[in-house]
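The sequence and structure are shown first.

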Amino acid sequence: MRQTTRREFLKDAAFVSAAISTSSLVDSSLYAEAVPADGIASAGPTTLRPVDLRLLNKEPATMPAGISWGVPWPQGAVSRNSGFHLSSQERNLPLQSWPLAYWSDGSIKWTGFATVLPGSFQGPVTLSPAPAPAPASAPALAGALNVTNNGKSVLVDTGALKCAIPLSGSNLINSISIAGKEVASSGQLVCILQSGPANHPEDSPQRERFLSNVKQVTVEQSGPVRAVVKIEGMHRGASSQREWLPFTVRLYFYSGQTSIRVVHTIIFDGDQEKDFVRGLGLEIDVPMRDPALNRTVRFTGSDGGLWSEPLQPGGGNAAQESGQPFSPPPVFGQNAVWNDFKLIQPSPDGFTISKRTGPESTWIFSASGTRASGLVYAGDLSGGLAISIRNFWQSFPTALEVQNAASPSAKLIAWLWSPDAPEMDMRFYDTHGHGLPAAYEDAQPGLSTAHGVARTSELTLFASSAFLGKADTVAMATVGTQLPLLAATPEYLHSTGVFGVWSLPDRSTPFKKSIEDGLDSVLAYYQRQVDDRSWYGFWQYGDFIHSYSAARHVWHYDWGGHAWDNTELGAPLWLWYSYLRSGRADLFRLAEAHARNTSETDTYHLGPMCGLGSRHNVVKWGDGAKEARVSQAAHWRPFYYLTTDERTGDIIREAAEHSGISVGNFDPMREAEPKLAGEPPVRIRIGPDWFALAGNWMTEWERTGDKSWRDKIMNGVDSILAMPYGLETGKPEANSKALAATVGFDNATGKLTAILNPQTNALVPANYNLATIQGGGEVMFELVPLLGRKDFEDAWLELCRLGIAPSEVWDKDRTTHNEGAEAQYVPPGQSGPRLAAYVYAKTGNIAYARKAVAMLLSQGGGIANPSMVSGSNSLRPVQEDPRISTNEASQTALQCIEVLELCKDQLPIEAAVRTTRDFRSRSVAVPR
């Protein structure tokens, strides 16, 4: 058996020239008193200097807005009872704070914050984490936020708006009022369910209307600046009384604000062969008090455009929509009164607006445009209500509708899936799969199922108790489309040691500049591909396609496993590390959309696969491989911590609580390595499966401080250290080699057991190509120093150093502790550069730094050189670079970001010369 004592690699001078810690070092310039190099503060008080924050988009807020964001702290720097103060240009701002995560020593790792930014606010903002008393000029809130429960409803009073949220029934919102005047009522979710598909134009399948049925209401936060109310329930059929389509809706309120942010999640729990959603949305009633000629309906278009018309236009009069009562001559009353209005966005490139006088009359076309920003308003001189859908055109088919505007109560409907569009079809793209050899597809009977996938949408309600000007309406659309966010600088984030190993951009040498330019070129290419290729849609927006067809000049949207990427090879991590190191708002939005999509649509949120995710496919849930690596918390942690998004917190908790159970239902090696008699009932691979599970438990441990999650990880660590080949221990097959480090797994304890060959009782080292390139490397870069176990650090170093070494080398290394000194056993391919770089950072052996750089420059996807395709070769002019695939783009970027940090003192000076491939797979040397 393998010895579990610490390995003293530093004894051999031929192997080691220096010892360099991979733990992200704490920048002592942040402290009034220095923190030790291990990042743990001394027992005495430590005072952090103020943290500078900025608006992410660097543009002034168009109107007052409540916002939430997260800030990390170095280990040991902030205690649980620390206070905070927020100011801007000598003006104090209201502030609410709460812990998001803890370091292993119990100090605060991440803090969530909420404030209200005034209109035209530009920043910057200073956050002072100090226990000093609040300044005498403490900010006075525009209204005192108050949340109460009277046994029937949760009542939220922001000081400017009151909202009644019933504890049961069909309404999510009973009423919204301002200064005692009701401005909205009866807010409900609506779903139109169609029984079966409409395969032919003459088909007319039966439809039924479903409304929300509230099951539980939870107040998650109650002020003083921010209140969060979580509403859970089902959609109930009006005639059948069937309940289906679980929902979670969170309502966000901020002190002094008259807007309500809505985060809406549905989980598909139907039969995809029978249950076809024909419409999905939120509807709410708006009282209309003035005559029709003084009532207004508005839709926002693109680029600040606005469609605004009175219900009774009468040829047009400047007095209408001026905010002043309009008293026309009597003949005006003979003009038509328009009752119903709708804007339909059936594609990402076009919308139409139409209206009618009533259900007995025809719809008439009014206007059209390209990409509507997604806000609808109905009101009169006494006020009204606007609803904004974020990512409106990107999430097509969407729609906005006003019904019965001429009646005493108009109905606003924000359609997340437009009933004017074809039905939502959740079926697989074919009646059978097409196999790995032909289509890179692993479709399996019964597993191409949508049962359990989810979709989250974001909306904002804007209430008004007075006439709303046109400019104000557009300002609301801007806020609803692009929520303001405060962010710390990349330099500060890096200094705190969060998110493991990553580098800040550095163009100080030709080599570094060439690498950074390459990284930027690939990101720019993907940003444009999203629009060039219309990677949009209700279930698709945010994700990328996996690989490209040079012959067809399109991405493989229709070819098996080459289609939607579904987090393969760490795409979410690529985007988040790209934002973290740059602070660029455009990269944040790219990563945000990607995380919001892949965390919901690639992941199962109920049923036997809860906590697992689907491998890449034409249909997001189409592939039969359901694995923890796809849905791991490591992918979503940056989004959660930077924004405090509670829905993402739900998903992270699901991963921790359910993924370990679900892998027992769906053995990840059931096809590649069928289970033999006598093997443990549950099997996983150490990499990527245990790495993903450990990352899930690590995240829940830091989020809650609950050490049972840590203990589960420790049990796995102890099991691994008892195995002869540590993190690479595997069962040999007939060829005496192991396909992967497959082990037995007990989810209740986290313990692992080696699986012996039944004939020889042997074990061998198993190097698996996916082990560390599915987020495993990034998890281990955080987990190893967090646990603080030298024996586990040595085991990780062994994997990096001896990855492809045969068993006899591993056996010899138990005595010499220095095998592989020439870096000859570093795993090849996409895992190699980061692992070699880590060995260098831990040991100082320059051979590993050289190996890391050489391997890095042999990777594809490190730079994009797109060209234009147009004319008969493409439907419209687009960019293409046939050499780029999302797998290579993701992994090469991550490797670059990590190698630049770990080998920063051993990088070449000259510009990088990459050995890369063209789309015909020829190897060519290309100077970059």
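## The largest pocket

Helix H6 supplies seven residues to the lining of the largest pocket, the largest share. The model is a predicted one, and the space in this pocket amounts to about 900 Å³. Its lining comprises 40 residues, of which Asn-391, Trp-393, Gln-394, Gln-482 and Tyr-541 are the closest to the centre. Two or more lining residues come from each of strand E27 (454–464), helix H2 (470–481), helix H4 (510–532) and helix H6 (585–601).

Sorted by class, the lining holds 17 polar, 13 nonpolar and ten charged residues.

## Arg-589 in helix H6

Arg-589 is a residue of helix H6. Is Arg-589 buried or exposed? Its relative accessibility is 14%, and the cut-off for buried is under 20%, so Arg-589 counts as buried.

The side chain of Arg-589 makes a polar contact of 3.2 Å with the side chain of Glu-592. Leaving aside residues up to four places away in sequence, Arg-589 touches Leu-56, Asn-57, Arg-390, Gln-482 and Leu-483. Of these, Gln-482 is also one of the residues closest to the centre of the largest pocket.

## Strands E12, E13 and E14

Strand E13 (residues 207–222) runs antiparallel to strand E12 (residues 181–195), and five bridges join the two. Within this pairing, Leu-193 has Glu-208 of E13 as its bridge partner. E13 is also antiparallel to strand E14 (residues 226–237), with eleven bridges between them; here Ser-222 stands opposite Ala-227 of E14.

E13 and E14 form a hairpin with three residues between the strands, where Gly-223 adopts a positive phi near 110°. The peptide bond leading from Gly-223 to Pro-224 is cis, with omega near 15°, and Pro-224 is located in the loop between E13 and E14.

## Further backbone exceptions

Most peptide bonds are trans, and most residues other than glycine have a negative phi. A cis bond also links Phe-396 to Pro-397, with omega near 0°; Pro-397 belongs to the loop between strand E24 (383–389) and strand E25 (398–403).

Ala-179 is not a glycine, yet its phi is positive at about 55°. This residue sits in the loop between strand E11 (173–178) and E12, and Ala-179 is exposed, with 82% relative accessible area. Asp-303, likewise not a glycine, has a positive phi of about 55°. Asp-303 lies in the loop between strand E18 (296–300) and strand E19 (306–310) and is exposed at a relative accessible area of 83%.

Definitions and conventions
Residues numbered from 1 in each chain as written. Predicted model: local features only at pLDDT ≥ 70, side-chain atom pairs only at ≥ 80, totals over all residues. Heavy atoms only, no water. Pairing = 2+ DSSP bridges. Helix = DSSP H or I, 4+ residues; strand = E, 2+ residues; numbered from the N terminus. 1 Å grid on protein atoms, 1.4 Å probe; cavity = no way out; pocket = protein on both sides within 12 Å on 5 of 7 lines; lining within 4 Å. Points joined across faces, edges and corners; volume = space filled by probe spheres on them. Nonpolar A, V, L, I, M, F, W, Y, C, P; charged D, E, K, R; others polar. Buried < 20%, exposed > 50% of the residue type's maximum accessible area, 1.4 Å probe, protein only. Polar contact = N/O pair within 3.5 Å; in protein donor to acceptor, adjacent residues only side chain to side chain. Contact = heavy atoms within 4.5 Å.
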